Amino acid sequence: SAVVQEPARTDVQIEATQIAEPVESKETIPETVNTDSSEKSEEMASAKTEEIVSAPAKTEKIVSEPAKTEEIVYAPPLPFTLPTLTRTQREKLNAGERVQEQSKMGREGSGFVVVDVNAPSDVVWDCLLDFQSYPTTIPTVRDITMYTNTHLSGDIKSEKQLMDGTYATLKHGVPSVTRASFSLSKFRLKIAAVHKYSPHPEGHYMVFTLDPTSRNFVLRNAKGVWHTQENPEGKGEGVTRVWLLCEVAIADVLPKWIVDYAAERAMPRATTWLKPQVEAAATLWLKKDNLTTKRPSSSN
């Protein structure tokens, strides 16, 4: 048999064969990009950026409050000067006694009476301002007639007589002016006076002056003041010191011994009624207060 020999493969053929063989290549598939979502994301990011840029910065508004200051009420000084008490006089007050002092200056003199009472100051003033009750509380006052207070520059004759009580509001803490005519002692001596009550931070006071119609050949002038001090020398809130200061001028027709005698008797009579009266009123006031605040016990 004939052997057919294959022709030898040349390098060129081999190379051609190798070139001709397909070469496996990895095809790169491009990633699919969602343009719509990308655009939306960019728009949102842009909007957020604009929002951040355009939004004004939040600032806390700090309002400074005005400093709290205590209101200071300035009041004019008292229109009188209180006497300086001696050690002996203070001891008498501490013992519950009334202190009286008067100067003997011929036809013109002055004096004072001071006493501590176991009553609040408002009770004291309720008694002092109750002019209608003077005939029953003050022994020397026999009768009283109240008048209007619309013509204070004139005398009491320019006013109208009040037939049904007082014209002004007579109450503790309320300033008032009162005009009245008093009948004094068993001789029924007619005296007209103007009372001006004034509340004051250092103690309320009431100035009384003699009406021009009451000045005569015997009594040339008279004036005085009631004054109260709360909690004197730390004795307690329910204790009030009551002052009566007065000045008087007597005509020359009266002998001097009569002037001194009348002054010695007039000062005690004008003040001895006050302590028992206001302390009794304070007791009644406390009883009424207890009755109004006391509640009945509920039974289960």
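**Close-up 1. The salt bridge between glutamate 159 and arginine 179 in the predicted model.** Glutamate 159 counts as buried in this predicted structure, because its relative accessibility is 8%, a value that falls under the 20% limit for burial. Its partner in a salt bridge is arginine 179, and the closest N and O atoms of the two residues are 3.1 Å apart. The pair links distant parts of the chain, since glutamate 159 lies in the loop between β3 (141–147) and β4, whereas arginine 179 belongs to strand β4 (residues 176–184), 20 residues apart. Arginine 179 is buried as well, with a relative accessible area of 1%.

**Close-up 2. The salt bridge between glutamate 233 and arginine 90.** The closest N and O atoms of glutamate 233 and arginine 90 are 2.2 Å apart. This pair also links distant parts of the chain, with glutamate 233 in the loop between β7 and β8 and arginine 90 in helix α3 (residues 87–94), 143 residues apart. Both partners are partly exposed: the relative accessible area of glutamate 233 is 47%, and the relative accessibility of arginine 90 is 34%.

Close-up 3. Lysine 275 forms a salt bridge with glutamate 279, the closest N and O atoms being 2.8 Å apart. Lysine 275 counts as partly exposed, at 21% relative accessibility. A search of the whole structure finds nine salt bridges.

Close-up 4. With a relative accessibility of 27%, asparagine 231 counts as partly exposed. Glutamate 233 is the residue that forms a salt bridge with arginine 90.

**Close-up 5. The second largest pocket and the residues that line it.** The second largest pocket has a volume of about 310 Å³. Of the 17 residues that line this pocket, the closest to its centre are Phe80, Val225, Leu245, Cys246 and Glu247. The strands β1 (99–102), β2 (108–117), β7 and β8 each supply at least two residues of the lining. By residue class, the lining divides into eight nonpolar, six polar and three charged residues.

**Close-up 6. Helix α4 and its buried residues.** Helix α4 (residues 121–128) is largely enclosed by the rest of the structure, because six of its eight residues are buried. The buried residues of α4 are Ser121, Val123, Val124, Trp125, Cys127 and Leu128.

How values were computed
Residues numbered from 1 in each chain as written. Predicted model: local features only at pLDDT ≥ 70, side-chain atom pairs only at ≥ 80, totals over all residues. Heavy atoms only, no water. Buried < 20%, exposed > 50% of the residue type's maximum accessible area, 1.4 Å probe, protein only. Helix = DSSP H or I, 4+ residues; strand = E, 2+ residues; numbered from the N terminus. 1 Å grid on protein atoms, 1.4 Å probe; cavity = no way out; pocket = protein on both sides within 12 Å on 5 of 7 lines; lining within 4 Å. Points joined across faces, edges and corners; volume = space filled by probe spheres on them. Nonpolar A, V, L, I, M, F, W, Y, C, P; charged D, E, K, R; others polar. Salt bridge = Lys/Arg side-chain N within 4 Å of Asp/Glu carboxyl O.
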